[in-house]
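Subject: Structure for your study

Dear colleague,

Please find below the structure that I promised to hand over to you. My notes on what was found in it follow directly after it.

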Amino acid sequence: MANTVLIVDDSLTVRMDLHEAFEDDGFRTVLCAGVGEALEAADAEQFDVAVLDVRLPDGDGVELLRSLRAHPRHADAVVLLLSTEAEVHERLRGLRTGADDYVGKPYDAAVVVARARDLLRHTPDSENRRLVLVIDDSRTFREILRQHLVEAGYEVATAVSGEEGLRVAGVRPPDAIIVDGVLPGIDGATVIRRIRLDAALRNVPCLLLTASVDYTTELQILEAGADAFVRKQEDLAVVLAKLAAILRKSAAALPLPPPEAGSARPARVLMVDSDSRYLESMTALMHEDGYEAVLARCADDALAMLAVQPADCTVIDLHLPEIDGRELCDRIRAVPGLRDMPVIIVGHDDVLLECLAAGADDYVRRGDGTASLRAHVRAHLRRQHLHEQNRRIRDELVRREMEAAEERAARRFAEARAELVEELEWRNRELEAFSGSVSHDLRSPLQTILSYSELLAEDATGETATHLARIYGAATRMNALIESLLQLAQANRGQISSHPVDLSALAEDVVDELRQRDPDRKIHVTVTAGMTAACDGDLVRAVYTNLVGNAWKFTTRTLDPAIDIGRDGGVYFVRDNGAGFPADRAEELFRPFGRLHDASEYPGTGIGLTTVQRIIDRHGGQVWATSEPGRGATFSFTLTAEDRR
């Protein structure tokens, strides 16, 4: 969908000139002669760009800008102010009110369009498209080629002459240039030669269109610096194919990051001089060179302007009324963001060394004429472009090196991780083998010891019976320890199988098993109904077996023992009124063999709660305990990371 531009100017000539330029570039235009019409159009239409004259017959363009910025539909629109008034205070008023840029009259319509495109280029619609500049004086051919390029996915800027094309390229460097060989003014070959001499544009691929079939002409085209040429008699598909080819070739070179937002525009030269006539003449000369002149009649205006909108080069009169040019140069150099900006001092005296010592980059005698000053400005701007390009190349090389270093580090990390995983898998296999060995090689002899101890104890009396009872008790404890270690190993391996589990029924089964093993215990147990969760049922059963088993054990010396198994939101708990423990030592319970009570009072292996923690960790949850000595304990756990406390 075409972008819409609002053009507000009381001059019909200006409106039609800008209308034609924007329309040629694919914009839809809305034309207004004054503030009233513009406000009506703002209420009726949505636009992306506004070009506003500052002096309007029924109001002030800056106040219109303020109204647009307050309008909910146009607050983010790109706004360019257009005026014959070139004074710094007018620029400052417009920029501080919210203008994106300020274009002085006499303007270049193609540059205005290119600047609008540049300010729009960071929208999602055009961010990833390559810009192709088409320079051709035939409106029909230009429009046909533009449509083909847009359909092929390119963004297109246009110009009708070589001079205009160079200015448009200076506003926003394109990714490629297609230029007709025969143009009014300078021809296509000259355009390409000038492109190759420009530090900011010399690497832009150029494709030249020619109607000639002469081999000599082709050689001249290539010698001028063209990357390729296409005869106009050929199909436009050939143009697209060759364009894609030269863009692929240019992409193989070092790709540079794009310039900062808003940096693509005509080079801005700040002229600081109290002589109005001199400033006006220099404005016209800067415009001829494709630069934008910003005029300041005093040092304060210059500093205020630089604080709001930076310049690419500053030209200062040595003898300003209120301050010496060298002092102004020194004040500019004191601003961190302006230290690299070229500063040229102009005067009648031979004070070159003094000016350079004050921080100026150059000194030009006014008596040498405007041609000398223009040459110095061009030289410094070219050097500035080169420095900027070199900086971008260095930044890109550093970025690439950092990415390569990160890639190497990531590769080494992946290799180390793979080695650790392999070692871990090996150790797990060894652990499984050990678990099997424990299960078979240790439990079989223990069962023999237990069986024979029971047989011998039937006929033993006195001290012999006491010794056999001790043997039987020790073997029983060792068997329980082996069971706990095997349960812990099982909790650490295998995949978690998550499916809906009725935790209430599971807890009831655990309680029933405890009652069957210890039928003489009279203990009140409550289980909250309807507890369900997505988890591994076998592993969570082990959690309840250990937690409820502990509660059962630590309430043996309690009058009216009670156990409460329930849920509070996403937190499950097992609460008892048993022996309890010091709250500040709760973390010790979850360590292997961690115990807070004497084994003679409350026997156990010290592995159960470690197993509980491993199972809960593997589910992504958390387990913790709260208690006070003699007032029972509460063990709480979650089964998902979202419910972690």
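Is R91 buried or exposed? R91 is buried, because its relative accessible area is 2% and the cut-off for a buried residue is under 20%. Please keep in mind while reading that this is a predicted model.

Overall composition

The protein has 645 residues, and 45% of them count as buried. Its secondary structure consists of 19 helices and 24 strands.

Salt bridges

Side chains of opposite charge can pair when their charged atoms come close. The structure holds 33 salt bridges, and three of these pairs are described here.

The pair to begin with involves R91, the residue of the opening question. The side chain of R91 meets that of E292 in a salt bridge, with 2.7 Å from N to O. R91 lies in helix α4 (residues 88-97) and E292 in strand β14 (residues 292-296), so that distant parts of the chain, 201 residues apart, are linked. E292 is buried as well, with a relative accessible area of 14%.

Another salt bridge is formed by D317 and R366, whose closest N and O atoms are 3.0 Å apart. This pair also links distant parts of the chain: D317 belongs to strand β15 (residues 313-317), whereas R366 sits in the loop between β17 (362-365) and α15 (370-459), 49 residues apart. D317 has a relative accessible area of 8% and is therefore buried. Salt bridges that share partners also form one network, which joins R91, D101, R115, D118, R268 and E292.

The remaining pair is R139 and D24, whose side chains meet in a salt bridge at 3.2 Å from N to O. Here R139 in helix α6 (residues 139-151) is linked with D24 in helix α1 (residues 12-24), and these distant parts of the chain are 115 residues apart. Which of the two partners is buried? D24 is buried, because its relative accessible area is 12%. R139, at 43%, is partly exposed, since that class lies between the 20% limit for buried and the 50% limit for exposed residues.

How do helices α12 and α13 lie relative to each other? The axes of α12 (residues 299-308) and α13 (residues 325-333) come within 11 Å and cross at roughly 20 degrees. That makes α12 roughly parallel to α13, because angles under 35 degrees count as such. The crossing in which α12 passes α13 is right-handed. Where the helices meet, A299, L303 and L306 belong to α12, and L328, R331 and I332 belong to α13.

A residue in helix α14

Finally, I would draw your attention to L352, which is found in helix α14 (residues 352-357). L352 counts as partly exposed, because its relative accessibility is 39%. Along the chain, L352 and Y363 are eleven residues apart, and their C-alpha atoms are separated by 5.5 Å.

With kind regards,

A colleague

Definitions and conventions: Residues numbered from 1 in each chain as written. Predicted model: local features only at pLDDT ≥ 70, side-chain atom pairs only at ≥ 80, totals over all residues. Heavy atoms only, no water. Salt bridge = Lys/Arg side-chain N within 4 Å of Asp/Glu carboxyl O. Helix = DSSP H or I, 4+ residues; strand = E, 2+ residues; numbered from the N terminus. Buried < 20%, exposed > 50% of the residue type's maximum accessible area, 1.4 Å probe, protein only. Axes fitted to C-alpha atoms, helices over the stretch in contact; angles between N-to-C directions. Parallel < 35°, antiparallel > 145°, perpendicular 65-115°, else oblique. Left-handed = near helix turned anticlockwise from the far one by under 90°. Contact = heavy atoms within 4.5 Å.
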